[in-house]
Amino acid sequence: MSTFTLMQKKSLTALMVLGITLFAVSAMADVMNGDFSNGGMDWTVLPDPGFGASFPAAGGNPDGYALLESAFQNPGGRVCILQTFICGDPDQGTECTIGFDYFLTPIDAAPGSGRLMVVIDGIVSVVADHPTQGWNFVSYVVPCGLHTLQFCLEVDPQNNAWQAGIDNVRSECTGGVPNEARHWDGIKSLYR
Ligand SMILES: [Ca+2]
């Protein structure tokens with residue numbers, strides 16, 4: 001289960017287009033409440049002391065989002081939000097694309113003392129370890145099927161207050177590479 005390779009893709013709009021293109025063949029399951037329109041429903045919060053998560057109804061991309069925070073004085077550690085979900089049917093699809101929007105902001109912190117991580121089936125990937133501007137997007141490709149997805153804000157000990165935001169968590173199990181993939185550059189322009 002943990003032997004596959006996580007492939008990080010920075011392709012922004014192309015994957016959104018891919019999702020739209022393949023919607024008809026991948027109607028099964030998905031991340032629940034990935035846009036946080038229902039607060040923290042379907043997400044489990046795992047906070048260390050000095051850390052917390054909340055789900056503001058506004059300020060996301062848009063509306064509700066998950067806000068992970070460390071207190072200024074904290075012993076070091078992390079806060080994670082977690083969800084287990086089924087991305088499509090492993091017999092019908094080859095690739096599950098997991099995408100999300102995020103930001104990472106130092107409130108009062110030493111440079112490099114905080115980082116946002118995504119943990120997919122126990123495999124850790126650092127999403128950001130420096131301040132970001134506005135909302136950013138990233139996606140990962142894993143096999144279709146059952147996955148455990150965590151987002152964690154990890155902060156070094158002592159006087160480091162950071163905030164990280166997560167919104168629009170989504171997954172899509174695709175049945176292979178579509179012909180449209182050859183024309184992503186052309187399609188992409190339609191959505192700009
Ligand atoms: Ca939202």
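Predicted model: local features only at pLDDT ≥ 70, side-chain atom pairs only at ≥ 80, totals over all residues.

Trainee: What is the mean pLDDT of the protein chain?
Mentor: The mean is 82, and 76% of the residues reach 70 or more. For reference, pLDDT is the predictor's confidence in each residue, from 0 to 100. Over residues 1–5 the pLDDT is below 50, and this stretch has six contacts in the model beyond near neighbours in sequence. Residues 7–28 also stay under 50, with 40 contacts beyond four places in sequence. Two residues are in contact if their C-beta atoms, placed from the backbone, lie within 7 Å.

Trainee: How many helices and strands are in the protein chain?
Mentor: There are two helices and 13 strands. Helices (H or I, at least four residues) and strands (E, at least two) are DSSP runs, numbered from the N terminus. As for contacts with a separation of 6 or more, 82% of them are between residues 24 or more positions apart.

Trainee: What makes Val155 count as buried?
Mentor: A residue is buried if 20 or more other C-beta atoms lie within 10 Å of its own, exposed if 12 or fewer, and partly exposed in between, with C-beta atoms placed from the backbone. Val155 has 28 C-beta neighbours inside 10 Å, so Val155 counts as buried. This residue lies in strand E11 and touches, among others, Ser70, Gly114 and Trp162. Val155 and Phe51 are 104 residues apart in sequence, yet 9.1 Å apart in space, C-alpha to C-alpha. In the protein chain, buried residues make up 33% of the 192 residues.

Trainee: Why is Asp121 called partly exposed?
Mentor: Asp121 has 17 C-beta neighbours inside 10 Å, and therefore counts as partly exposed. Gln158 is partly exposed because 13 other C-beta atoms lie within 10 Å.

Trainee: Which residues have the most contacts inside the largest nonpolar core?
Mentor: They are Ala66, Leu68, Val79, Tyr102, Leu153, Ala164 and Ile166, in a core of 38 residues. Strands that each supply at least two residues of this core include E3 (51–54), E4 (66–70) and E13 (161–174). The largest share, six residues, comes from E7. A nonpolar core is a set of buried Ala, Val, Leu, Ile, Met, Phe, Trp, Tyr and Cys residues joined through C-beta atoms within 7 Å. Among the residues that Ala66 touches are Phe36, Trp43, Ile81 and Ile166.

Trainee: How do you know that E8 pairs with E9?
Mentor: Two strands pair if DSSP finds at least two bridges between them. Five bridges join E8 to E9, which run antiparallel. Met117 stands opposite Val126 in E9, and Leu116 stands opposite Ala128 in E9. On E11, seven bridges join it to E8, again antiparallel, and here Leu116 stands opposite Leu153.

Trainee: What is the order of the five strands in the open sheet?
Mentor: The order is E2-E6-E11-E8-E9, with antiparallel pairing. Strand E2 (44–47) and strand E9 (123–128) stand at the edges, each with a single partner strand, so one side of each is left without a neighbour in the sheet. The twist averages 25 degrees from one strand to the next.

Note on methods: Residues numbered from 1 in each chain as written. Axes fitted to C-alpha atoms, helices over the stretch in contact; angles between N-to-C directions.
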